[in-house]
Amino acid sequence: MKEKLELLKQNATSDINNVSDEQSLLRLKSTYLGKDSQIMQVMKSMKDLTIEEKKEIGKLANEVKSFIENLVKEKMNEISSKKENKRIFDNTLPVGDEIGSLSPITIVANEVAEVLKKMGFMIVSGPEMEKEYYNFEALNIPKNHPARDMQDTYWTNLGDVLRTHTSPVQARSMETYGAPIRMAAPGRCFRNEDIDACHENTFFQIEGMVIDKEVSISNLIYVMKNILKEIYKKDIEVRLRPGFFPFVEPGFELDIKCLICGGKGCPTCKNSGWLELCPCGMIHPEVLRMGNINPDEYSGFAFGIGLTRMAMMKYKINDIRMLNSGEIRHLKQFKVK
Amino acid sequence: MYISCNVLKKYIKDSDKIDFLNVWNDFTIRSAEIDGIEEKGKDINNVVVAKIVKLEKHKSNEKYNVLTLDIGYRKEITVVSSATNLYEGMLVPCALQGGSLKGISEVVSINLDGVESQGVLASERELGISDSHLGVMDLDKSYIVGEDIKKYIPIDDIVIEIDNKSLTNRPDMWGHYGIAREIAAITGKELLPLEIFDNIDSTKPLNIKVEDTKNCNRYSCVEIGNITKKEATMEMKVMLYYCSMRSISLLVDLTNYLMLELGQPMHAFDSKKINNIIVKNTGKEKIKFTTLDGEERNIPENTLMICDENRPVAIAGIMGGLNSEIDDDTETLILESANFDSASVRKSAVALGLRTEASARYEKSLDPNMTVLAIKRFIKLLMDVDENISINSRIEDIYTNEVKENVVELKKDYLKKYMGFTLDDKTVCDILNSLHFKVEVKDDKYIVTAPTYRSTKDITYSADIIEEIARIYGYNNLKEVPLKLDLIVREGDNKYDLEYNLKKSIALDTGFSEIHTYLWYQTELLNKYGINKEDNVKIVNKKDNNIIRDDISLSLFEQCIKNSKYYSEYGIFEIGSAITKEKEERVLSILSVCFKSNLEDKYMEIKKLIYKLISSNKNIDVKFKQYKIDKKYLNNEYTLAVFVNDDIIGYISVFDRLFAKECGKKIEIVNAELNVEKILNLNKQDIEYIEPSRYPVTTIDYTIIMDKDDLYNNLDEVLKKYNNEYLIDYKLYDVYIDDKKKVTIRFTIGSNNKTLTHDEIQEVSNKILEHIEKNNYSIVK
Ligand SMILES: [Zn+2]
């Protein structure tokens, strides 16, 4: 009887494996598991056996039965899934082209803004047409100061200016939010310049400012290094050197090791091995005072990063005019990530 | 500004211990920016002093002379030269075989029409010490034949170009002596005093009057006579050339040298051409004046000028006049060394369009305390060349606005706050002393006295002293310290986030491209379409395209004209500022350029987008209503205003054909604008959860027949008016157009309190039908 069951198992396995349509499978199912099937006959004939034989054969018969049942079930799944999956459309058609693009400036601005947000900076904005006071006086640039013609300003017939830097947002934020504060302000600026491949009269910056009790130059160095590390996703070497801006004291220029040549010297870095990236400094006491913040109690630092320049470096854009050209032939490539 | 290291070396003790090629890295991070370092003389090698022993015409080519040269050490060579200024006995620089000159990387022996030429004679240009190529240099007879030319002429030098902009706030560094002072501080060396002539016997006064005491801080001068020499030393000439100035004559060279050395501009008048000196302002008077470059200039009002009794003789701090210029015959001169107000000089220089080396320096607020020193230094240098000069007058000196040493108090805890750590008293004093600041140490503070050359504008606040300490200490030696944790949440104005989210959503949803356009219109475009923006804000100092935009869509349209050359269907958008005299607002504009046949799809795509943009950002319901927008380029037939809470926050429309045709014959432009400020100010609505009815609802579809040009909006107005407690809502289900417009509406009928009976449902639907038909619409049965 044992042998019979083993044989039955073998036959059923090979028969079921060989069918490929539903009907033949159903036929086999009734042959091997139906009322008149051999296995049922075996089970029926067990009443003539001894108790010990009953135990042994009964267990074996049940095993063989459930084995065949499983086999049928699996085969049935296989057949029905094949039926449903018949290819009725072309799923290899390409996708992705319908995603639009953002300006390269928007992309780098957002990268910088995201880094600053993580460091606890709030993002604020200011007007493009600015009061003379905020663009100059409030930043310690009085009338007749040489810095006023250094920055060839566009003046409007209302006596306002098109802001020459994002720094007026410093002064505005001090008035609006007071101290302590951590803020960043991306935005568009304007200079009265002739346009060529390297010069634009319209460009983008992001301003940053921190004011709190006990803010030091050492804090500034730490924060600037970490911002740049995050932006460039690598440990970059930076150096600080004196720079003159009326609204900071001490003022610095922050340079990074040239990303193109790694510091050996190349045309991009004018052979110095360093790229001038970001003017920064400790906020001038007069600027704090004009923003109604007591310079004896609070100190702070501010920085400005040229987003236009950063975008050009990042995407190796060699003609600045492309950015304001409005030509989607160029701009389409900067797909939303 | 160019700096010659040969000159710097003279002012610093033990300067031979300084590496003048590499010290500039330290200078860059401590003092000012370097634009370049050039090693002069590297390309000049094996050039010796040679004597022409014999000069003969070349036998087969009369263009040439054949020279026998004594090159020292009892050696003679033959050189063929075409120069015309040669004579027997002349000392000349000669590059020997294997040597090099500018433009000749290796001198070799060559055969010129049968004669072997074994060297090359050099002009000043070939030695790299001037632009003169007039002939072979006629060397001073005191030079020893056979010696290397570099022994007599300082051809080897390191010349540094310093970025002028980085010296804006450092008037003390506008000369070699100031740079040397900085280098001495950086390297811990001693600065040597300048040699001056200080034995002036004459007591003769000069008649000087300063009328404009506000703009003339100090006027010093002296009369020097019996000048016989005409040329500066070779050394001085090379230095001037290396510093980008031309050698002209002894006196002019000396004034220029003094300016390069001390930073003090000087001017020499020919004594016989002027009669007394009056420093005064031109006031309202407008005059013409010929400067010594030969140009006649219109002098603007309120220009400070140096005049004699009869006429102006110089524009103060900018340039002298042709009428009083020194020339070859000048034997007696009046030497001016003055200090003028920086703003006044700057204003005049800008108004004249004439910026000179002198005005650039005065603009930086020079120290008036160096005028007399400069005169004494000038006399010393002149005497070195021309020992028999006479000092004809005393030094006349009118000092109207005295600059004193600034005294600044620096609290120790303030210094610590700025640095982030404590510096000991010795370090602070050493650093400040190296910069020639005096320091008095108190318990809790330092009392710091800045030298006058740092007191004109640069050192005023304690933060200024901190900068001095920090930069010499070395920014690279400062620690990096993280900010202290601050857990205050501040959101800012949220505008940036909103704008970024809008832009990203649009790009993702539509496939359009963000572009940036200028803040001003192309005036040409406005003119072409007769769009009047004359009342807009204007830029007064911009030549063309100076009308500031109050409407972004027009700027984008301009870009479409360009882009349509490459694409037929595309979209662009921008969020930018639109400015009127009253306000500046951030505006989003979208232009979708498409074929006429796709207009409906594209329009609805934009409509859907606008809906999603606002509802996804603020969860607020948006309504569209027909409207007229007052813009010349829009076809108002298709204009919908975008309403939120009964306020218009934007519109959707289609460009007028007149404009759209610029982009192509069969092209239309869908345009949408949203006021970002208004979206920003909308309060975000919370989602109000309403539990769905526990009882079953029934839907019934009715297809309503409309005229083809009738608008869904009209039908909607009708349906909206119908109220029934069992009508839960209705929605547009389908639109089918054949000879009529057939609009299928799906009505949902039910109750929150019970299951409606068949009869109740029938009653509601009958009433709906009745209401529709009463309003003159028929229903497809
Ligand atoms: Zn490089």
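These legends describe close-up views of a predicted model.

**View 1. The zinc site of chain A.**
Four cysteines hold the zinc ion: C258(A), C261(A), C266(A) and C269(A). Each coordinates through its SG atom. The distances are 2.2 to 2.3 Å. The site is tetrahedral, with angles of 103 to 113° among the four donor atoms. Along the sequence, the donor residues follow the spacing C-x2-C-x4-C-x2-C. C258(A) and C269(A) are 11 residues apart, and each sits in the loop between strand 8 (248-257) and strand 9 (274-283) of chain A. Are these two cysteines buried or exposed? Both C258(A) and C269(A) are buried.

Helix 8 of chain A covers residues 168-177. Its buried residues include P168(A), V169(A), Q170(A) and A171(A). S173(A) and M174(A) are buried too. G178(A) follows the helix. The phi of G178(A) is positive, near 70°.

**View 2. L49(A) in its loop.**
L49(A) lies in the loop between helix 3 (38-44) and helix 4 (51-84) of chain A. Which residues does L49(A) contact, leaving aside neighbours within four places in sequence? They are M1(A), K54(A) and I57(A). S216(A) is 167 residues from L49(A) along the chain. The C-alpha atoms of L49(A) and S216(A) are separated by 97 Å.

**View 3. A three-stranded sheet in chain B.**
This open sheet has the strand order 1-10-2, and its pairing is antiparallel. Strand 1 (2-4) and strand 2 (34-40) of chain B are the edge strands. Each of them pairs on one side only. From one strand to the next, the twist averages 20°. Strand 1 of chain B is joined to strand 10 (residues 157-162) of chain B by three bridges. Here I3(B) stands opposite I160(B) of strand 10. Helix 2 (residues 23-30) of chain B lies across strand 2 and strand 10 of chain B. The helix runs at about 165° to strand 2 of chain B.

**View 4. Strand 6 of chain B and its partners.**
V49(B) has P93(B) in strand 6 as its bridge partner. Strand 6 of chain B also pairs with strand 9 (residues 119-121) of chain B. That pairing is antiparallel, over three bridges. C94(B) stands opposite L121(B) of strand 9.

N339(B) is part of strand 20 (residues 333-340) of chain B. N339(B) counts as buried because its relative accessibility is 2%, and buried means under 20%. A polar atom of the N339(B) side chain lies 3.1 Å from the backbone oxygen of L366(B). Not counting residues up to four places away in sequence, N339(B) touches C216(B), N217(B), R218(B) and Y362(B), among others. L366(B), D367(B), P368(B) and T371(B) are also touched by N339(B).

**View 5. Helix 6 of chain B, from start to end.**
Helix 6 of chain B covers residues 342-352. At its start, a side-chain oxygen of D341(B) comes to within 3.3 Å of the backbone nitrogen of A343(B). Among the buried residues of this helix are S342(B), S344(B), V345(B) and R346(B). S348(B), A349(B) and L352(B) are buried as well. Just after the helix comes G353(B), with a positive phi of about 65°.

**View 6. A seven-stranded sheet in chain B.**
The strand order of this open sheet is 26-27-28-32-31-30-29, and the pairing is mixed. Strand 26 (513-514) and strand 29 (623-626) of chain B stand at the edges. Each has a single partner strand, so one side is left without a neighbour in the sheet. Strand 31 (residues 647-655) and strand 32 (residues 667-675) of chain B pair in the antiparallel sense. Five bridges link strand 31 and strand 32. Y651(B) has E673(B) in strand 32 as its bridge partner.

Terms used:
Residues are numbered from 1 along each chain as its sequence is written. Chains are lettered from A and ligands numbered from 1 in the order in which they are written. This is a predicted model: local features need pLDDT of at least 70, side-chain atom pairs count only at pLDDT 80 or more; totals for chains, interfaces and linings use all residues. Side-chain values use heavy atoms; hydrogens and water are left out. Buried means under 20% relative accessible area, exposed over 50%, partly exposed in between (1.4 Å probe, protein chains only). Helices (H or I, at least four residues) and strands (E, at least two) are DSSP runs, numbered from the N terminus. A polar contact is a pair of N or O atoms within 3.5 Å; within protein, one must be able to donate a hydrogen and the other to accept it, and residues adjacent in sequence count only if both atoms are side-chain atoms. Contact means heavy atoms within 4.5 Å. Donors are N, O and S atoms within 2.8 Å of the metal (3.2 Å for Na, K and Ca); water is not among the atoms, so sites may look incomplete. Four donors count as tetrahedral if all angles lie between 85 and 135 degrees; four count as square planar and six as octahedral if opposite donors are over 155 degrees apart and all others between 65 and 115; anything else is irregular. Two strands pair if DSSP finds at least two bridges between them. Axes are lines fitted to C-alpha atoms, for helices over the stretch in contact, and angles run from 0 to 180 degrees between N-to-C directions.
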